[in-house]
Amino acid sequence: SAGAGYVVCSEPDMVAMSNWVDQDPVSGSEGALRGRWVEGRSGGCANHDTFVENPQCFVTVGEVSTVVKFRLDLTDGVEDVVGMYVLEGSSSGRVLLEETAVVGKSGFYDGSYVEVDVTLEPSSTEYVLLLCTFDPGSLLDFSLSYKADRPLTLCPANEDRVWHCARASGEWDESSAGGCKNFNTCVNNPQYRITFVDGLQERVDEADVTVTLQQEKENFCELGMYFFQTLHIDEGRLEDLGSVMAKAPFHSTTRASFVVKLMVGSAIVCLPCTFDPGFQGAFSLNCRCARPIRVEMVRDDASIVNSVAGEWTEDTAGGCLNSATWKHNPQFLMYVQRNTTLSVKLVQELRDNTDMMAVGAYVLKPSEKAPTFKRLTLSPAEIVGKAPFFRERLTRTEDFALEACALPYVVIPCSFEPGYLRKFQLSAEEGLESKRTSFDLGRSKEIVRFEPAQSWHRSSLRGAWDAQTSGGCINAASWRKNTQYRLEALPGASVTVSCTLLSDDGREVP
């Protein structure tokens, strides 16, 4: 389905780092590093669009010309067609995402090693040495060594050199393969929203994002992308495509790439498409930035099957499961009328001159014991979905499958720390395949129903352990000294007993 997968946050590109067995730089007139071509980072030679998806390392020279011989050896007696490129680096000081000017390159030979001799002139940026096999997908171990007439430094792409990555997968199908803006059907293409993970809290105003679109079918149509800027990070699909911020040209049938500038407090909507409509197939969207970002499919309003408003108050701002007070949070019953795939979204209120706290939500499976009441205890096995905690206006779960059930699921929206007072909106959004089925059945809005969970009838007593009554647990013979209470309830009642420590001011200890 279009936009079938998405990520809600980004991590440093750990795959890029895994190319190198040796992570520390080497300096001097000679040295060596060990590495390997691994899955996803064996992109082949410059004939392939995946060329930059290869092991990269950085070369720093001094203030005079340096003559150097680089040698690439395959280990364990293996022979294959391999080669090397010496490229100009970028001002970012990070791994290359696009091919730059070639300073030198080896030939490609079927053997156990290749060499390249090159003169490196003083430069304000580092050179990049890119190592590749001739064809993509070869998974081999190698050793890279050098000898130079002057000292230089060879540094593998470590954590400081890679980009934060966010990835999404999608598909152009019969209804969404709309083609480029030459056609009225362009608006039907999948749309993806790109935002900073920590956008409203950052002091830096902007950052460049490299967006790469790829597909693997042969005899396909040229790929391209349109970019739109919006100040509303949670709005639905764009219906008016008139204000294009930028455009990735339609050159290749397998890959399109473009660099856009993302501003704090705003979002970029990316519309990936083929030049002509009707070309169906899966694609991937990779976004790389020097700062953490997220990318997610933009849903249209018809995806929202129900919503409910709530508020964290002084009595109900219980924090996440790390705090004993989590059970005080607002809790909502979610009745699911039929089998479906859903995403639960939480949007917190924006307030002027106040910082936002990280918020998230838990989705719990139905319980046969007091199913319509607030949960007072839970185990990790009861959690069927979780919206991760982000210091953003909105967060959502990934799409997950829910079975129709007469008993309700329970959704607990909460802030990461207790005591966060804010209004919020909780909604359920249907996955694309489920939405199509619902539309065909003519009952899209009947899938989910929210209701506030019932509060328990509560009776409480306060006590204290002192020198006479702190008898310990039943492992101790003195357990009988503890204060004891009589509990009476109606036959068949479901009862939860909890004991909570109190602080000096009488509040529950989180």
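Start with the largest nonpolar core of this predicted model, which has 43 residues. Select Val59, Phe70 and Leu131, the residues with the most contacts inside this core. Then colour strand 3 (56-60), strand 4 (66-74), strand 5 (80-88), strand 8 (113-120), strand 9 (127-133) and strand 10 (141-156); each supplies at least two residues of the core. Strand 10 gives the most, with 7 residues. As a general background, nonpolar side chains in soluble globular proteins tend to be buried together.

Stay with Leu131 and show its surroundings. Leaving aside residues up to four places away in sequence, Leu131 touches Trp20, Trp37, Asn54, Pro55, Leu72, Gly83, Met84, Phe142 and Leu144. Apart from this core lies another one, of 29 residues, and Val209, Met225, Leu262 and Phe283 are among them.

Next, select strand 9. Buried means under 20% relative accessible area, and 7 of the 7 residues of strand 9 are buried, so this strand is largely enclosed by the rest of the structure. Show the side chains: Tyr127, Leu129, Leu131 and Thr133 point one way, while Val128, Leu130 and Cys132 point the other way. In a regular strand the side chains alternate between the two faces of the sheet. Here the residues pointing either way are all buried.

Strand 3 pairs with strand 9 in the antiparallel sense over 4 bridges, and Val59 has Tyr127 as its bridge partner. Strand 5 also runs antiparallel to strand 9, joined to it by 7 bridges; in this pairing, look for Tyr85 opposite Leu130.

Val363 has Val411 in strand 27 as its bridge partner.

The last stop is Glu314, in the loop between strand 20 (304-312) and strand 21 (332-336). Is Glu314 buried or exposed? Residues over 50% relative accessible area count as exposed, and Glu314 is exposed because its relative accessibility is 71%. Finally, select Gly419 as well: the C-alpha atoms of Glu314 and Gly419 are 6.4 Å apart in space, although the two residues are 105 residues apart in sequence.

Methods: Residues numbered from 1 in each chain as written. Predicted model: local features only at pLDDT ≥ 70, side-chain atom pairs only at ≥ 80, totals over all residues. Heavy atoms only, no water. Buried < 20%, exposed > 50% of the residue type's maximum accessible area, 1.4 Å probe, protein only. Pairing = 2+ DSSP bridges. Core = buried A, V, L, I, M, F, W, Y, C linked by side-chain atoms within 4.5 Å. Contact = heavy atoms within 4.5 Å.
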